[in-house]
Amino acid sequence: MSKSMGMVVTGVSGRMGQMLVETIAASARAHLVGAVERSGHGWVGRDLGAVMGGAETGVKVVENIAEVLGDADVVIDFTAPAATIAFSRAAAGAGVAHVIGTTGMTADEIAELPPASEGALIVRAGNMSLGVNLLVQLTKKVAAALDEDYDIEVIEAHHNQKVDAPSGTALMLGEAAAEGRGVVLEDVSDRARDGITGARRRGEIGFAAIRGGDIVGEHDVMFAAAGERITLRHVASDRSVFARGALKAALWTQGKAPGHYDMLDVLGLSEQ
């Protein structure tokens, strides 16, 4: 039987951070060994259970991740790009796996993550849910089957506190559509339409972002041609699906060699 894996959660006061703490607490295969927050946050130095409104857990919130890596097997991180890069370097240096759910990372920022040659074992995905990763695969297959007579539009909706657009998931879907078409997304992407834009360019992949209320996450990929439309859709009604996916990814890292992986690897879908 596999041992219980020690988990560190960064950005622990956020909605995803707290959901991750609860998901780990409910797992028989994992336990929390560290909780990290930014310098100056009111939770730093206090017991995590107490600040979350429950009984004390003995896990103190820290601002320096190095303090909690000694007993850790995995860091789970849904924070911001600059913080994620720093956490990733610290994790690689300590021989600890890093599961990254941070969105809004640019190609240059992703390139700053430590390589496998430096001991980095990273699972990074724009979305950790099983359903979304199946949607990515379906998008790729449909895009490959349909020619440019079918316009591709990616429409996403999230809560009004989300800071990046398009969402990481929308970009995953756009990348999948572009790969299916055999093109580079940056060459065909249209992320902003306003004013007199002219007719839609043949073969482009469009993006639209909606922000409002407490929407957890909704993603549609529309293939629109003269006379018909095909729409692939995923709706998340509870962000616990992302926490469960992140925990699944964290558990999957046990015994794995250093390298950069994604959720398709975790789910055994990478070759499909």
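This is a predicted model: local features need pLDDT of at least 70, side-chain atom pairs count only at pLDDT 80 or more; totals for chains, interfaces and linings use all residues.

Biologist: Which residues of helix α1 are buried?

Modeller: A residue counts as buried when its relative accessible area is under 20%. In helix α1, which spans residues 15-25, the buried residues are M16, G17, M19, L20, V21, T23 and I24.

Biologist: What covers the buried residues of α1?

Modeller: The cover includes the strands β1 (5-10), β2 (30-36) and β4 (74-77), together with the helices α2 (48-51) and α8 (240-252).

Biologist: Why does E156 count as buried?

Modeller: E156 lies in strand β7, residues 151-158, and it counts as buried because its relative accessibility is 1%, where the cut-off is under 20%.

Biologist: What does the side chain of E156 reach at 2.8 Å?

Modeller: The side chain of E156 reaches the backbone nitrogen of S167 at that distance, and it also makes a polar contact of 2.8 Å with the side chain of H158. Leaving aside neighbours within four places in sequence, E156 is in contact with residues including A165, P166, A170, I210, R211, E218 and H219.

Biologist: Where is H159, in the loop or in a strand?

Modeller: H159 is in the loop between β7 and α6 (168-181), and it counts as buried because its relative accessibility is 10%. Its side chain is joined to that of R15 by a polar contact of 3.1 Å, and, with neighbours within four places in sequence set aside, H159 is in contact with R15, R211, G212, G213, D214, I215 and R239.

Terms used: Residues are numbered from 1 along each chain as its sequence is written. Side-chain values use heavy atoms; hydrogens and water are left out. Buried means under 20% relative accessible area, exposed over 50%, partly exposed in between (1.4 Å probe, protein chains only). Helices (H or I, at least four residues) and strands (E, at least two) are DSSP runs, numbered from the N terminus. Contact means heavy atoms within 4.5 Å. A polar contact is a pair of N or O atoms within 3.5 Å; within protein, one must be able to donate a hydrogen and the other to accept it, and residues adjacent in sequence count only if both atoms are side-chain atoms.
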